[in-house]
Amino acid sequence: MFSAAPAPSDALLPDTGDPGFGVYVHWPFCAAKCPYCDFNSHVRHQPVDQPRFTAAFLKEMEVMRRIGGPKTVTSIFLGGGTPSLMDPATVAAILDGIARYWHVPAGIEITMEANPSSVEAERFRGYRHAGVNRVSLGVQALNDADLRFLGRLHNVEDALKAIRLARDIFPRMNFDLIYARPNQTVEAWEAELNQAVSYAVDHLSLYQLTIEEGTPFYGLHKAGKLIVPDGDQSADLYEATQEITARHGMPAYEVSNHARPGAESRHNLTYWRYGDYAGIGPGAHGRLTRGRDKIATATERRPETWLEQVEAQGHGMVDQEMLGLDEQADELLLMGLRLREGVDLARWHDLSGRDLDPIREERLLEHGFVERLGNSRLRCTPSGMLILDAVVADLAC
């Protein structure tokens, strides 16, 4: 077991209405496709031409820079797929490209996702030298039977080795766990989560297993061969998660994300506070503001098709949608209510041109699903978080 790391001293800035600008780069390749995963990830049995993809990333960055204009980057996220399959030189070239097209201050958060099965000390040190200062490990479970069930290529020993390396090499670290697995009891999850907290540095992402259409798990679930916890069981697991993480000084600041004070993910906060971000790479999405207009971008999902499109026209975008103010207001509400700090109602009013329906809000208040923070913010209560989608749908009407 590892000794606890001190909590970061740089407390998170409050939501000022300026949530920053992030750059997301999507590396779409994995060594294997997990049966629960509906992300845009692809397995290739031949080596990926990394220099060619890197050149395409840089081309698409140039186009995104033209669409959104000059901005100061507040965070960078290399996601996937499995970005830790990239060579350190590829990561360095991508980060250099971002600095070429936008202003990148020293010391901003630069996160890279990694799978324990693809972790090597030399590569980790190479990523750190390239500028990565935060790693997010896809651990997913801390017992070998469930790792096999989830289709992971690593075992618990590999996971702990990766955590040790990450703690030694990177200033900040997150790792993911999936709970509400078949036959998982509250007692078993509590024991696993207590173990996880003892390994964590400053951040944990804890997701309930969801059955996504188009995945192998979906077919098994539909055929009755995969049974997941029901609503009451899931609620018990969620409540145990909140209690244990809060007791260990890592309370939830978002539905599924827990951190020591000051260690919240700056990049994900940009999403949840409805800031701008450029989405680069196959299947990436973005939100870019120009004046009062916000443009939603989406790129081609198939990696090789995206690559050919970028080489032919400079970008792989398949959609650029101008979002109206009502659409922006709905997105602000959807994202902001995921956060413990809630949503800024003045900002929502500025976009929507109206106040929340007082009857709908009062009903949610009476049922204990939402609460006011002064006159300017609204947030979900713990009970409301359990039915977040329904709360958002009711308020957005």
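How many salt bridges does the structure hold? The structure holds 21 salt bridges, a salt bridge being a side-chain nitrogen of Lys or Arg within 4 Å of a carboxyl oxygen of Asp or Glu.

Before selecting anything, note that this is a predicted model, in which local features need pLDDT of at least 70 and side-chain atom pairs count only at pLDDT 80 or more, while totals for chains, interfaces and linings use all residues. Residues are numbered from 1 along each chain as its sequence is written, and side-chain values use heavy atoms, with hydrogens and water left out.

**Stop 1**

Select E304 and R44. Their side chains meet in a salt bridge, 2.9 Å from N to O. E304 lies in helix α10 (residues 303-313) and R44 in the loop between β3 (42-43) and α1 (50-68), so the pair ties together parts that are 260 residues apart in sequence. Helices (H or I, at least four residues) and strands (E, at least two) are DSSP runs, numbered from the N terminus. E304 is partly exposed at a relative accessible area of 34%, and R44 is partly exposed at 35%. Here buried means under 20% relative accessible area, exposed over 50%, and partly exposed in between, with a 1.4 Å probe and protein chains only.

Next, select D276 and K71, whose side chains form a salt bridge of 3.3 Å, N to O. D276 belongs to strand β11 (residues 276-280) and K71 to the loop between α1 and β4 (75-80), so this pair ties together parts 205 residues apart in sequence. D276 is buried, with 7% relative accessibility.

Then go to E254 and R338, where the salt bridge spans 2.6 Å, N to O. This pair links distant parts of the chain, with E254 in strand β9 (residues 252-254) and R338 in the loop between α11 (325-336) and β15, 84 residues apart. E254 is buried at a relative accessible area of 2%, whereas R338 is partly exposed at 26%.

**Stop 1: the two domains**

Four residues of domain 1 are in contact with four residues of domain 2, contact meaning heavy atoms within 4.5 Å.

What area do domain 1 and domain 2 bury between them? The value is about 310 Å², with 84% of it on carbon and sulfur atoms. Buried area is the accessible area (1.4 Å probe) that two parts lose on being put together, summed over both. On the domain 1 side, select A235, Y238 and V255, which supply 89% of the area that domain 1 buries against domain 2, more than any other three residues. Between domain 1 and domain 2 the count of salt bridges is zero.

**Stop 2: S234**

Select S234 in helix α8 (residues 231-247). S234 is buried, with a relative accessible area of 13%. Not counting residues up to four places away in sequence, S234 touches A180, Q208 and P229.

**Stop 3: a hairpin**

Move to strands β12 (residues 285-290) and β13 (residues 293-299), which pair in the antiparallel sense over six bridges. Two strands pair if DSSP finds at least two bridges between them. The hairpin has two residues between the strands, and G291 takes a positive phi near 65°.

**Stop 4: the three-stranded sheet**

Display the open sheet with the order β15-β17-β16, where the pairing is antiparallel. β15 (343-344) and β16 (370-373) stand at the edges with a single partner strand each, so one side of each is left without a neighbour in the sheet. Two bridges join β15 to β17 (residues 377-380). D344 stands opposite R377 in β17.

**Stop 6**

Finish with L395 in helix α15 (residues 388-396). Is L395 buried or exposed? L395 counts as buried, at 2% relative accessibility. Leaving aside neighbours within four places in sequence, L395 is in contact with L333, L337, L356, E361, L364 and L378. Of these contacts, L356 is 39 residues from L395 in sequence and 6.8 Å away in space, C-alpha to C-alpha.

Last, select D357, R360, R363 and D394, which are linked in a network of salt bridges.
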